[in-house]
Amino acid sequence: ELGALKKKLTAELDNFRRRRKYDPSSTVSNINRVLADENIKREDYFEKKFNGVNIRKIMDRSDTIFANIIPILKADNKGKLSDEDIDSICKNYQLLVDKSDAALKGLATPFPTPAQLTNTKKAIKQSVELAKEIGLSITPKWHILAVHCFPQHERLVEEGWGGLFIVDESFIEKSHQAGVALERQLRGLRMFRQKHFAGAKMAHRAANPEVARHLDKNRHKKKRKSTKRDEEKERKRLKRERAIQDE
């Protein structure tokens with residue numbers, strides 16, 4: 001009898017989630033449209049969750065996103081919360097996103113100054129405290145951020161390695177993307193032998209010392225200054241600084 005009740009309630013919950021997800025007028029659908037306007041989407045290959053690139057976009061544009069989400073929540077409010085409560089809750093979550101952004105950016109900064117180390121430690125502490133205050137579960141990732149990341153980062157800086165960026169594994173993803181790009185270039189070749197020969201030839205050409213020198217020379221050329229990019233970079237930096245100063 002208990003098993004049948006559990007099965008029934010599970011089915012009702014699944015139906016509720018399905019209706020909420022696919023109803024074009026639901027709160028979730030409206031919020032997803034706000035995110036889509038910022039080119040943020042749930043990836044199919046990522047189980048309809050946000051991947052790392054989308055998370056970074058959310059952190060970068062948190063002020064615009066929350067400003068557009070708050071009216072949706074107020075319009076769909078069933079009377080359980082006041083408008084002031086919704087403003088307060090959203091402000092806390094936005095602040096958590098901004099503080100986490102400051103913490104993660106600090107940990108990824110190579111060869112930080114003592115002032116940057118102090119700000120990173122402060123951002124981590126404030127992020128974890130705010131997550132607890134909001135009532136979020138302290139997952140292993142939160143625990144690693146709260147207890148282990150900064151001591152390791154600080155030790156690597158003191159020993160001259162420059163910080164946690166030295167153990168970054170993005171080169172693996174870069175290698176994967178290079179393989180995907182090569183596969184796209186050769187997708188028109190149907191014969192395995194022909195495709196393999198063409199791929200080996202391209203790899204051999206890329207390994208040529210003269211080609212490597214040419215690529216290295218162009219890679220380190222001074223890039224054209226972009227005022228718009230610099231302004232966006234400065235906006236993000238100031239947003240992170242304000243987040244850890246806002247108590």
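Let's start with burial. Of the 247 residues in this chain, 25% count as buried. Keep in mind that this is a predicted model.

Now the overall fold. The chain has 11 helices and 0 strands. Reading along the sequence, the pattern is α-α-α-α-α-α-α-α-α-α-α. The radius of gyration is 24 Å, well over the 18 Å that the globule rule gives for 247 residues, so the chain is more spread out than a compact globule. Along its principal axes, the C-alpha trace spans about 70 × 55 × 40 Å. As for surface, the chain exposes about 18,800 Å². Carbon and sulfur atoms supply 56% of that.

How do the contacts run? Take those with a separation of 6 or more: 58% of them join residues 24 or more positions apart.

On to the cores. In soluble globular proteins, nonpolar side chains tend to be buried together. Here, the largest nonpolar core has 17 residues. Which of them touch the most other members? They are Leu96, Leu107, Ala123, Ile124, Trp142 and Leu145. Helices α5, α6 and α7 (140-158) each supply at least two residues of this core. The largest share comes from α6, with 6 residues. There is also a second, separate core of 8 residues. Among them are Val34, Leu35, Ile58 and Ile69.

Look at Ala123 for a moment. Setting aside neighbours within four places in sequence, Ala123 is in contact with Lys99, Ala102, Ala103 and Ile244.

Helix α11 covers residues 227-245, 19 residues in total. From first C-alpha to last it reaches 27 Å, close to the 27 Å expected at 1.5 Å a residue.

Is Asp101 buried or exposed? Asp101 is buried, with a relative accessible area of 8%; the cut-off for buried is under 20%. Leaving out neighbours within four places in sequence, Asp101 is in contact with Met59, Asp60, Lys239 and Arg240.

Notes. Residues are numbered from 1 along each chain as its sequence is written. This is a predicted model: local features need pLDDT of at least 70, side-chain atom pairs count only at pLDDT 80 or more; totals for chains, interfaces and linings use all residues. Side-chain values use heavy atoms; hydrogens and water are left out. Helices (H or I, at least four residues) and strands (E, at least two) are DSSP runs, numbered from the N terminus. The expected span of a helix is 1.5 Å times one less than its number of residues. Buried means under 20% relative accessible area, exposed over 50%, partly exposed in between (1.4 Å probe, protein chains only). Contact means heavy atoms within 4.5 Å. The radius of gyration is taken over C-alpha atoms; the globule rule is 2.2 Å times the number of residues to the power 0.38. Accessible areas come from the Shrake-Rupley method with a 1.4 Å probe; for residues, only the protein chains shown count as cover. A nonpolar core is a set of buried Ala, Val, Leu, Ile, Met, Phe, Trp, Tyr and Cys residues joined through side-chain atoms within 4.5 Å.
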